[in-house]
Amino acid sequence: MTLKLKVPKMACSACANTITKAVQDIDSASTVEADLKTKLVTIKTAKPESEVRKAIASAGYPAI
């Protein structure tokens with residue numbers, strides 16, 4: 001499944017790395033692409049959207 005999430009607090013590559021690590025902690029096979037300009041994160045994962053959102057929010061970057 002592919003998710004596209006808007007993450008308003010994502011401002012730099014370190015933010016993107018933190019989000020990527022949070023997602024890969026729950027699904028090591030996932031791929032994460034972050035666009036800092038649009039603040040969009042595209043995630044390919046087998047995990048449910050609710051779990052992915054929770055992992056990102058726990059890392060300090062709630063998605064809208």
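User: Which residues of α2 are buried?

Analyst: The model is predicted, so local features need pLDDT of at least 70 and side-chain atom pairs count only at pLDDT 80 or more, while totals for chains, interfaces and linings use all residues. Residues are numbered from 1 along each chain as its sequence is written, and side-chain values use heavy atoms, with hydrogens and water left out. Helices (H or I, at least four residues) and strands (E, at least two) are DSSP runs numbered from the N terminus; buried means under 20% relative accessible area, exposed over 50%, and partly exposed in between, with a 1.4 Å probe and protein chains only. By that cut-off, the buried residues in α2 are Val52, Ala55 and Ile56.

User: Which residues have the most contacts inside the largest nonpolar core?

Analyst: A nonpolar core is a set of buried Ala, Val, Leu, Ile, Met, Phe, Trp, Tyr and Cys residues joined through side-chain atoms within 4.5 Å. The largest one has 15 residues. Two or more residues come from each of β1, α1, β3 and α2, and α1 gives the most, with four residues. The residues with the most contacts inside this core are Ile43 and Ile56.

User: What is Ile56 in contact with, leaving aside its neighbours within four places in sequence?

Analyst: Contact means heavy atoms within 4.5 Å. With those neighbours left aside, Ile56 is in contact with Leu5, Ile19, Val23, Ile43, Tyr61 and Pro62.

User: Is Ala22 buried or exposed, and what does Ala22 touch beyond four places in sequence?

Analyst: Ala22 lies in helix α1. Ala22 is buried because its relative accessible area is 10%. Not counting residues up to four places away in sequence, Ala22 touches Ala55 and Ala59.

User: How many Å apart in space are Pro48 and Asp35?

Analyst: Pro48 is in the loop between β3 (40-44) and α2 (49-58). Pro48 and Asp35 are 13 residues apart in sequence, and their C-alpha to C-alpha distance is 22 Å.
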